[in-house]
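Here is a short note on side-chain contacts and ring geometry. Please read it beside the model.

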Amino acid sequence: MASSSRLNDPERPIRVTLYGANGLAKRELLSLPDPLAVLTVDGEQTSTTAIIRRSLSPSWNEHFDVTVRQSSMVAIQIFDHRKFKKRDQGFLGVINIPASEAISYALNNQGMITRDLTMSSNNLVVYGQLLFGFSLTTQPAPAAAPSDHIAFLPSASDNIYPGQSQGGPPSNHSFMPQPHPNLRSNEQENSRSPSALYSNSSLRPTSSHVAPAPSPRFASQPSETPNVRPNTTSSATNPGRMTDDENGVPLPANWERRIDAQGRTYYVDHNTRATTWHRPPIPGQVPQSSPNPGLPQSPAPSRNTSTVAPTVNPSPTPSASNPTAQAGSYADVPLPLGWEERRTPEGRAYFVDHHTRTTTWVDPRRAPNQTGSVTVTRPPTNTNLGPLPSGWEMRLTSTGRVYFVDHNTRTTSWDDPRLPTHVDDGAPQYKRDYRRKVVYFRTQPKMRVSAGKCEVKVRRNRILEDSYGAVMALTGEDLKRRLMVSFDGEDGLDYGGVSREWFFLLSHEIFNPSYGLFEYSTHDNYTLQINPASGINPDHLSYFKFIGRCLGLAIFHRRFLDAYFVPSFYKMILGKPMSLVDLESVEAVLHRSLVWMLENDITDVLDETFTTTEERFGELVTVELKSGGGDIPVTEENKKEYVDAVVAYRISKRVKEQFDAFMEGLLELIPSDLISVFDERELELLIGGMSEIDIDDWTKFTDYRGYEKTDQVIEWFWQCIRSWPAERKSRLLQFTTGTSRVPVNGFKDLQGSDGPRRFTIEKSGDPQGLPRSHTCFNRLDLPPYQDYESLETKLLFAIEETEGFGQE
């Protein structure tokens, strides 16, 4: 029976062409498969394609000659070569085709066939389509499908006809009409340019409001074989083809109307194998516009930006209301420099002028006499604008639009300060965002740590002298290297904690009023100002340069100094003018006198000249506030000038030499244009951090090792800290972190040796011993004390009576 059946079912040779696949399943998150196809006939004849590396849409373009019977089964499987030998892991899909169907396709010269991949018995989810074809072995070998003939509008396999659901089965054929039998040999090459093949799945119709553009190549080239035309009878009798428009008006010959997955109508011209979103003109009727065949008539944005509606709504003109007519005649003319074409969600084209930050419906490529509109004048552009001015910063809004921030005036603008532009009131309002300023400041190239090490070795008992010698012996560039501080006779390694303590101790020395360089302000005993009598030390200018370097060193390496200055000192660093209010912290009595002078009529009341008197080492010295000031009386008319002159002299002029030396050292590490983004209050935080310690914030951002937050020892610890005065809390913070200052954003921004690191309490040590700290890691080793008194006594002794570093 078997031999009789095989006699009635003779073998026939056919050629199977595997063009490629599209949209294969991606099994791994961080890599793409290496697809290959395996062709099998009845499980005996097996052929394998080449391996395409890292692709979800491989293109093989290989053909295989096989022998089949009518009862045979042809299987085409796709595998990931990298997992081909792993069970159930390399499978990407399969298509099973009866040989009788394959023979029929070969005899009819069906051309390219597109079918969805299916699952096998392993039930792995598969995606994508396989593109293949069948032909007779007596025909010439098929040529490779051109890769640039992909990326097209939806094909028949993606089409949804009226009454068909989106999930319905796709057609197995390309949308090209069936060729006439006597043109079979001439149509071989044309069957290799499928409309259903995509090079990238992202070019398929999407659910967004932006439609894909037709292929420019298909739109611009009428045909690959001009001497061959499809059989119009065959195409007209196709039962699934719509040859009229939405109103029932017949389309021209060889035109077809289709609907994509989003319900949008597009038209297929089988004469030129092109697609368009616009209805073809009726023969004999003059169209309103003649679109350039080479222009993709698609409401797709011109670049990868979010599509936004125009901000300017000019009254539509007849030409402007027709986007096709507007853009069609200028497809081969590029837009002027600085212009961009976009489309509204409804598909209407509009144009953006980035020079004037305006939008218009009118194509800028149209001459003024064509549109009747006045040409917008634009400022001249410069392709090499250079860096932004000092104190300016460029930012982006949430929609990606560029705007500029002027930290000098605390204003924002859409306009580039490097160009002469106008002010737009719609720009985002200026915000005093200190955290963002710090991020911007520290990410600038000039604030990056250089390669190498900057080693500073000092003795604790001579920290000022040793630090002065070490810092002044280095150049500004040397100080920008990684800072490594060590104390003589101590084994501690500087991963941040040692340098923090060095800055803490050094700031107590250099700002000590006993050295005569700085003095306390009249407002309190905490804020400092430059001592105008510092010249008693002949080397005072060198020391002020050293202090400027130390301040710049702390800012550059993200450390804090345990010192606060009068507000006018920060304004002097920023180069801001002084005001009468700033004098209050310098000389309170003089400030009250000048305020009274401004608020009252001084005619025949005061007898003053443009001079001021100050005490220098017990001697009263008279200083002229302006040239010949001793002969210029102060009157009601010029008293404001007198007050301004007194303020300028008392705050800045009399300490100009000291301050200039200080700034010389500071600017060796910190550029003035970068530090100018801060105001005087923000600069104070940048230098000294926060002064008040919030215990609630401290407890909130504390981690525990070996302890739980509810343990008795931990509750005793926080109870003890809350009962301490502010100075003792600062000492504890300095003991555990290396500095008594809290970052501006609180304890959550505490820095460790490797970046942000929270304050940590670890269960470690003998209950009879003292707590230990690891300043590089913001960690406190707290033994499990048996009672509250022991904990407070040991902790207080540790922070008050111990000093120095060891190494574990």
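1. Gln129 has a relative accessibility of 5%, so it counts as buried (buried: under 20% relative accessible area; exposed: over 50%; partly exposed in between; 1.4 Å probe, protein chains only). Gln129 belongs to strand S8, residues 129–136 (helices are DSSP runs of H or I, at least four residues; strands are runs of E, at least two; both are numbered from the N terminus). Its side chain makes a polar contact with the side chain of Asp116, at 3.1 Å (a pair of N or O atoms within 3.5 Å; within protein, one must be able to donate a hydrogen and the other to accept it, and residues adjacent in sequence count only if both atoms are side-chain atoms).

2. On provenance: the model is predicted, local features need pLDDT of at least 70, side-chain atom pairs count only at pLDDT 80 or more, and totals for chains, interfaces and linings use all residues. Residues are numbered from 1 along each chain as its sequence is written, and side-chain values use heavy atoms, with hydrogens and water left out.

3. Rings of Phe, Tyr and Trp (its six-membered ring) pair if their centres lie within 6.5 Å; planes under 30 degrees apart are stacked, over 60 edge-to-face, the rest tilted. The count is 26 aromatic pairs. One of them is Phe518 with Phe544: tilted, 5.6 Å centre to centre, 50° between planes. This pair links distant parts of the chain, 26 residues apart: Phe518 is in strand S20 (residues 518–520), Phe544 in helix H10 (residues 540–556).

4. Phe518 is buried at 1% relative accessible area. Phe544 is buried too, at 0%. Ring pairs link both into a cluster with Phe511, Phe565, Phe569, Tyr570, Phe659 and Phe662.

5. Arg460 places its charged end over the ring of Phe487, 4.1 Å from the centre (NZ of Lys or CZ of Arg within 6 Å of the ring centre and within 35 degrees of the ring normal). Lys626 lies over the face of Phe610, 5.2 Å from the ring centre.
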